[in-house]
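Keep the viewer open while you read.

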Amino acid sequence: MDDVLARYEDLVPHYEAFRAACDRSLPVAVRVNPIKADPEEAVAALEAEGVGVTRRDWHPGVLELDTESPGTTWPYVHGWIHGQEEVSAIPPTILDPDPGDRVLDACAAPGGKAAQLAGLMDDRGTLIANDDNLGRLAALRSNADRLGVTCAAVTNRDARDLDLDDFGFDAVDAALVDAPCSCEGTIRKNPSTLDNWHEGYLEEVSGTQKGILRTAVKRTRPGGRVVYATCTFAPEENEAVLDHVLAREDCRLVDFDVPLDSDPGVTEWRGETYDESVRRAKRFYPHRNDTGGFFVACLEVGA
């Protein structure tokens, strides 16, 4: 892990604090599922089981719990809550689809963000919950069932070649690309994540990310939004992907607000320069909010 994170010493502000945070275990967080319960009901049910709860100011449905086993609690079993790392709740919050919308989740398994999107949609409309990994679809279906999601159509396709022919419409209103990545930002939860990390993988996975994001933009109606997110620190997978897509598709990056500490996207890295608008993306580092690491950007599709 030391060698991997050392490449970011000149990139991450307060690098030593960043490294110290990466070495600490991650707080246990869950998200309240509005399809089945409101935050007050969920908190009361958890406290009735003797589970301590700390509310998160930035999001009424994100809770920190003082148990290592939230999956054994009554609210979890009955779909009132779902185990979801705090910063993982940011991308659906930014996309913020309306009830009745047509929404694409291009890389949906295991389903936490898809279910969050369904909750924001009031479980109305069409949510295309796609993933190309057949083995992960079981978890996606299981989570959707437990959380009471009925608006989702689960598909198993390569998101780079995804079309909407089977759905009877030409475009979606909004799309989420929570892209497959090197997962560097998850090391607080999974310390072994970087054991087999190598720079060659970044080139491979960034090609996939570019293809998925380009397709998501093409499948979204003019004026619609696409949120791009990864749980990695690597500019090759973040700003470089945005720069590639901005140069090839009719879209632009837009500002968004999240009341958590973040840093802007970077415009250069290892001799490469990126479109100045990538500064509108946000980097969420572990030492800023005591969370995992995440990268989030919001694009608006042109006319």
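Leu26, Pro27, Ala29, Arg56, Glu64, Glu85, Glu86, Asp290 and Thr291 line the second largest cavity of this predicted model. The volume of this cavity is about 50 Å³. Sorted by class, its lining holds 3 nonpolar, 1 polar and 5 charged residues.

In total, the structure has 2 cavities of 30 Å³ or more. The largest cavity has a volume of about 60 Å³, and no charged residue takes part in its lining, which divides into 9 nonpolar and 2 polar residues. If you want to select the lining, pick Gly111, Ala114, Ala115, Leu127, Ala129, Leu140, Asn143, Ala144, Val149, Ala152 and Val154. At least two lining residues come from each of helix 6, strand 6 (126-130), helix 7 (137-146) and strand 7 (152-155). Helix 7 supplies the largest share, with 3 residues.

Next comes the open space. The largest pocket has a volume of about 960 Å³, and 44 residues line it. Which residues lie nearest the centre of the largest pocket? They are Ala109, Pro110, Lys113, Arg136 and Asp178. Two or more lining residues come from each of strand 4 (81-83), helix 6 (112-120), strand 8 (172-178) and helix 8 (199-218). Helix 6 gives the most, with 3 residues. By class, the pocket lining has 16 nonpolar, 16 polar and 12 charged residues.

| Space | Volume | Lining by class |
|---|---|---|
| Largest pocket | about 960 Å³ | 16 nonpolar, 16 polar, 12 charged |
| Largest cavity | about 60 Å³ | 9 nonpolar, 2 polar, no charged |
| Second largest cavity | about 50 Å³ | 3 nonpolar, 1 polar, 5 charged |

The buried ones are Gly112, Lys113, Ala114, Ala115, Gln116, Leu117, Ala118 and Gly119. Just after the helix, Asp122 has a positive phi of about 55 degrees.

Now for the packed parts. In soluble globular proteins, nonpolar side chains tend to be buried together. Here, the largest nonpolar core has 49 residues, and the members that touch the most others are Leu5, Val177, Leu213, Tyr228 and Leu242. Elements giving two or more residues to this core include helix 1 (2-6), helix 2 (15-22), strand 9 (220-230), helix 9 (239-246), strand 10 (251-254) and strand 15 (294-301). Setting aside neighbours within four places in sequence, Leu242 contacts Leu213, Tyr228, Leu253, Val278, Ala281, Phe295, Ala297 and Leu299. Another core, of 37 residues, lies apart from this one and includes Ala109, Ala144, Cys181 and Phe294.

Two residues make a handy contrast in surroundings. Val217 sits in helix 8 and counts as buried because its relative accessibility is 3%. Beyond residues up to four places away in sequence, Val217 touches Val226, Val245, Glu249, Asp250, Cys251 and Val301. Val217 and Val245 are 28 residues apart along the chain, with their C-alpha atoms separated by 8.8 Å. Ala138, in helix 7, counts as exposed because its relative accessibility is 54%. From Ala138 to Gly271, the separation is 133 residues in sequence and 43 Å in space, C-alpha to C-alpha.

Finally, the cysteines. How many disulfides does the structure hold? The count is 0. For Cys22, the closest cysteine sulfur is in Cys231, 13 Å away, which is too far for a bond. Cys22 is buried, at 4% relative accessible area. The closest cysteine sulfur to that of Cys183 is also in Cys231, at 4.1 Å. A disulfide needs the sulfur atoms within 2.5 Å, so the Cys183 pair is too far apart for a bond as well. Cys183 is partly exposed, with a relative accessible area of 27%.

Terms used
Residues are numbered from 1 along each chain as its sequence is written. This is a predicted model: local features need pLDDT of at least 70, side-chain atom pairs count only at pLDDT 80 or more; totals for chains, interfaces and linings use all residues. Side-chain values use heavy atoms; hydrogens and water are left out. On a 1 Å grid over the protein atoms alone, a cavity is a set of points where a 1.4 Å probe fits but cannot get out, and a pocket is an open set with protein on both sides within 12 Å along at least five of seven lines; lining residues have an atom within 4 Å of a point. Grid points are joined across faces, edges and corners, and a volume is the space filled by probe spheres set on the points. Helices (H or I, at least four residues) and strands (E, at least two) are DSSP runs, numbered from the N terminus. Ala, Val, Leu, Ile, Met, Phe, Trp, Tyr, Cys and Pro count as nonpolar, Asp, Glu, Lys and Arg as charged, and the others, Gly among them, as polar. A nonpolar core is a set of buried Ala, Val, Leu, Ile, Met, Phe, Trp, Tyr and Cys residues joined through side-chain atoms within 4.5 Å. Buried means under 20% relative accessible area, exposed over 50%, partly exposed in between (1.4 Å probe, protein chains only). Contact means heavy atoms within 4.5 Å.
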